[in-house]
Amino acid sequence: MKQLMWGSPEALRRLLCEVVSWKSMTLTDGEREFSSKVAGKLKELAYFQEHPDQLGLHDADLGRQFVTALYKHPEAKETIVLISHFDTVNTEEYGDLQEYAYMPEELTKLLHSRVDELPEEARQDLLSGEYLFGRGTMDMKMGLVMHMGLIEKATVEHWPINLILLTVPDEEVNSSGMRAAVPKLLELKEQHQLEFKLFLNGEPVFTQAPGDRNYYVYSGSIGKIMPSALFYGKETHVGEPLSGITAPYIASFLTQRMEWNLTLQETEMGEETPLPVTLQQKDLRLEYSVQTPYRSSALYNVFLMKRNAEEIMDIFEKVALNAAHACNEAYQEICKERNASPVGEVRVLRYEELEKYAVRKFGADFVAGVKATVQKREDWDDREKSIRIADTLIIECQELAPAIVLMYAPPYYPAVNSSNDDLVVECIEYVKQQGFEKFSLPVNQVHYFNGISDLSYVNYQDAGEGWTVFKENTPVWGSSYSIPFDEMTQLQAPVLNVGPFGKDAHKRTERLHIKNAFEEVPALVEGMVKMLAKKNRNGVRHHSWTK
Ligand SMILES: [Zn+2]
């Protein structure tokens, strides 16, 4: 049998350290350069030298690319897509150790001279020698490295199944990599006559509580959406406070009601979503003035399991109506007490209503022009652009004020779940049994990966209304942000996440469990893929199967 480059735990560890050393923080040059480096590495495999057209670099956005590597058995149709992201979060929190954040072996050694600076659990883990520290080790370059090892073995041993290794940028911010990859997957499917059988991600295991040592596999991924609001009050001078109504005042009523709102929590199969929380609340005016602030905005984070964008908008609207009502009552009461006449009642409207109103008033070209002007601002991200589009429109439609304009700001990760899928049930059963038999590793199932993942963009299930409501209420839809809902609906196959155990993703104590990452999980995933390949044998007439 041919020698494997990445066939041993030691080789995987070396490969991981190399891949980690290719810095790739989201929205940096490193992220832009990473894709060619990983493609170069895959090109070292004999299989991709023989089939160069099955290894591809494809454009995402902002000069970033994603990589696809297809291992195709000549007679197999059934295909597993191996998904990973290669961007990482920043390293500022490493302080003076920042340059070592990308050198796991060196960093882990160095930390021994600084054990006292580490939190207790990280200290114990370091001293145990069981962990490798470094940015991206856990989240999630190990997942990518495991998939590289897997595809190498499949090509050398001629597994009777097809594999697509897909690794993408931008998961940590907007998932533009995965959203761009969706149509490409459909293209590959057509071109090579593939049948997608499973979308297998390798995101790391996230502990469910501090000190949690359990190993988990995930049969779904939690959704995340950002209901947002523009508050448009009536300006006045500080000397005459009751002749206007400030935006922060209006906002306070909604924020009070959105934060920790129980009606926006979901419970499914014994798991619950974290409660909603405010991600940002700010004034749109940047300088100090004695004119009262009359425009401000807020972004709220909401997690999802079964609900879609339409259902969340309905609840958000109810909460906002209730907030506006309370705000109006409080304002009218003080006006009555002080014999002042109120400037009006705060109304609630969805962004789509504001846009339609503006189109009626000024025409579609005007609205398109407003959007185009806002899009030119490169210093604004999609959140800021969303708010600014609504803001510019309502400035021209002040007869609607005071008002709360409800909208969605990107990103949106739909929830996805395959817990009831027979194949996924079988895979989990296999990993549980083998984990225990081979490694005495107790494996537990979680229904929704709680760290947010790119699995959100496959296996989409929606009759269409949820997605229409999202489109119509996302001001930047179709220009700087879009989700390929149509194509996602065509990518029907169950999802599963099996990745390495680690701790403290996004913290300076990010670390990977060495034995779990280099031995246990690669062996379990390999066994699972082979199990699926064997099941598939009937469809493959002359399989050559060296193991
Ligand atoms: Zn991740």
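Lys41 is buried, with a relative accessibility of 12% (buried means under 20% relative accessible area, exposed over 50%, and partly exposed in between, with a 1.4 Å probe and protein chains only). Lys41 forms a salt bridge with Glu44, with the closest N and O atoms 3.7 Å apart; a salt bridge is a side-chain nitrogen of Lys or Arg within 4 Å of a carboxyl oxygen of Asp or Glu. Glu44 is partly exposed, at 40% relative accessibility. The model is predicted: local features need pLDDT of at least 70, side-chain atom pairs count only at pLDDT 80 or more, and totals for chains, interfaces and linings use all residues. Residues are numbered from 1 along each chain as its sequence is written, and side-chain values use heavy atoms, with hydrogens and water left out.

The structure holds 36 salt bridges. In one of them, Asp391 and Arg295 meet at 2.5 Å, N to O. This pair links distant parts of the chain, 96 residues apart, with Asp391 in helix H12 (residues 382–395) and Arg295 in strand E14 (residues 295–304); helices (H or I, at least four residues) and strands (E, at least two) are DSSP runs, numbered from the N terminus. Asp391 is buried at 2% relative accessible area, and Arg295 is buried at 17%. A network of salt bridges links Glu121, Asp125, Lys503, Asp504, Lys507 and Arg511.

Leu82 lies in strand E3 (residues 78–85) and is buried, with 0% relative accessibility. Apart from neighbours within four places in sequence, Leu82 is in contact with His147, Leu150, Leu163, Ile164, Leu165, Leu166 and Leu200, where contact means heavy atoms within 4.5 Å. The C-alpha atoms of Leu82 and Leu198 are 8.6 Å apart in space, although these residues are 116 apart in sequence.

Trp260 is exposed, with a relative accessible area of 60%, and is placed in the loop between helix H8 (247–258) and strand E11 (267–268).

The protein contains 16 helices and 21 strands. Along its principal axes, the C-alpha trace spans about 90 × 55 × 40 Å. Buried residues make up 59% of the 547 residues. Of the contacts with a separation of 6 or more, 79% are between residues 24 or more positions apart.
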